[in-house]
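The sequence and the structure are shown first, and the description follows.

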Amino acid sequence: MALGEALESPGMTPVGRFAPSPSGPLHFGSIVAALGSCLAVRQGGGRWLLRIEDLDAPRTVAGAAEGILRTLERFGFEWDGPVVWQHARTDAYREAFERLQTGGWIFGCACTRKEMADSALARDGTRRYPGICRAGLPAGRAARAWRLRVDPGVVAFDDAVQGRVVEDVAADVGDFVLLRADGLFAYQLAVVVDDAEAGVTEVVRGADLLDSTPRQILLQRLLGYPTPAYAHLPVASNAAGEKLSKQTLARSVEGAEPARLLVDALDFLGQGPPVDLADADLATVWGWALENWSMARVPRRRAQPVAGYG
Ligand SMILES: [Zn+2]
């Protein structure tokens, strides 16, 4: 093997990514995910990529992506290579979709939300697909969406923070949508294609996405992609115990003091930063973080609310 090939082969250099959706400004929980994903790979000399998940155009807020990039820069984040925008990646998603279709893994589904309203709820709150169109569309009906045929069997993986995760996707979720009724490729497919193409080896993100991971691993297997290592970080909540998000009107960090907020994020992630680090400059905070980061110290859950960031 030539030296160049050795350097480029997967697994030698860790590759991580942060993938915000531009549905609003970054909040404390987003900085926690950005910081954890960055430190996890940077400490091992790895590459850290940035991807804007703007596939869902109706949820995209004008100017939000630019605001996210500016905020990350102000907090001292430095990503490798160009930013990847999902809205420009449709051809890659279609290619993967057609590959699954050729393999017989895709079927058209005519069901409306109303027709599935009696179906059991999946863990993520969506309806478990009852399999109505699996053997073919009902007479006189046209496909609205396209689903992946999910065979019974468990998907298991070892999460660096959450431990062993086991799910029977067929039983819990059922056949899930890959191409939506509105013509957009589903989040699960886009993430899997993007991560594989970018050579991502470590997915570090909020535990609110833990339920998506078994579906993504299934897709990786069907598409012949390697499965990255996973670490799902505790989710930040407000005083009412709700996950910080645009829906809970989480405060934007755009106006926050970067060094202080990064130290709060390190503390949230169980890293035990010294109290006076919050008064240091940004470079000193990053230096401490890179030197002291340990995924083993990240708590599985963080029950106490994050004062001031809700
Ligand atoms: Zn159907």
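## Packing of α2 with α9

Helix α2 packs with helix α9 (residues 282-292) at an angle of about 60°, and the two axes are 9 Å apart. At that angle α2 is oblique to α9, and α2 passes α9 in a right-handed crossing. These values, like the others in this report, come from a model that is predicted.

On the side of α2, the contact is made by Leu35, Cys38, Leu39 and Arg42, which meet Trp286, Ala289 and Leu290 of α9. Sorted by class, the residues of this contact comprise 6 nonpolar, no polar and 1 charged.

## Packing of α2 with α8

Helix α2 (residues 28-42) also packs with helix α8 (residues 258-268), here at an angle of about 75° and with the axes 9 Å apart. Because angles of 65 to 115 degrees count as roughly perpendicular, α2 is described as roughly perpendicular to α8.

Phe28, Ile31, Val32, Leu35 and Leu39 are the residues that α2 brings to this contact, while α8 brings Leu261, Leu262, Asp264, Ala265, Leu266 and Phe268. The contact of α2 with α8 divides into 10 nonpolar residues, no polar residues and 1 charged residue. Leu35 and Leu39 of α2 are named in the contact with α8, and Leu35 and Leu39 are also named in the contact with α9.

## The sheet of β4, β5 and β8

Three strands form an open sheet in the order β4-β5-β8, and their pairing is antiparallel. β4 (106-109) and β8 (177-179) stand at the edges with a single partner strand each, so that one side of each is left without a neighbour in the sheet. From one strand to the next, the twist averages 45°.

Between β4 and strand β5 (residues 145-148), which run antiparallel, there are 4 bridges. Cys109 has Ala145, in β5, as its bridge partner.

## Aromatic pairs

How many aromatic pairs does a search of the whole structure find? The search finds 8, and one of these pairs is formed by Phe107 and Tyr129, whose arrangement is tilted, with 6.0 Å centre to centre and 40° between the planes.

Phe107 lies in strand β4, whereas Tyr129 lies in the loop between β4 and β5, so the pair ties together parts that are 22 residues apart in sequence.

Notes. Residues numbered from 1 in each chain as written. Predicted model: local features only at pLDDT ≥ 70, side-chain atom pairs only at ≥ 80, totals over all residues. Heavy atoms only, no water. Pairing = 2+ DSSP bridges. Helix = DSSP H or I, 4+ residues; strand = E, 2+ residues; numbered from the N terminus. Axes fitted to C-alpha atoms, helices over the stretch in contact; angles between N-to-C directions. Parallel < 35°, antiparallel > 145°, perpendicular 65-115°, else oblique. Contact = heavy atoms within 4.5 Å. Nonpolar A, V, L, I, M, F, W, Y, C, P; charged D, E, K, R; others polar. Left-handed = near helix turned anticlockwise from the far one by under 90°. Phe/Tyr/Trp six-rings, centres within 6.5 Å; stacked < 30°, edge-to-face > 60°.
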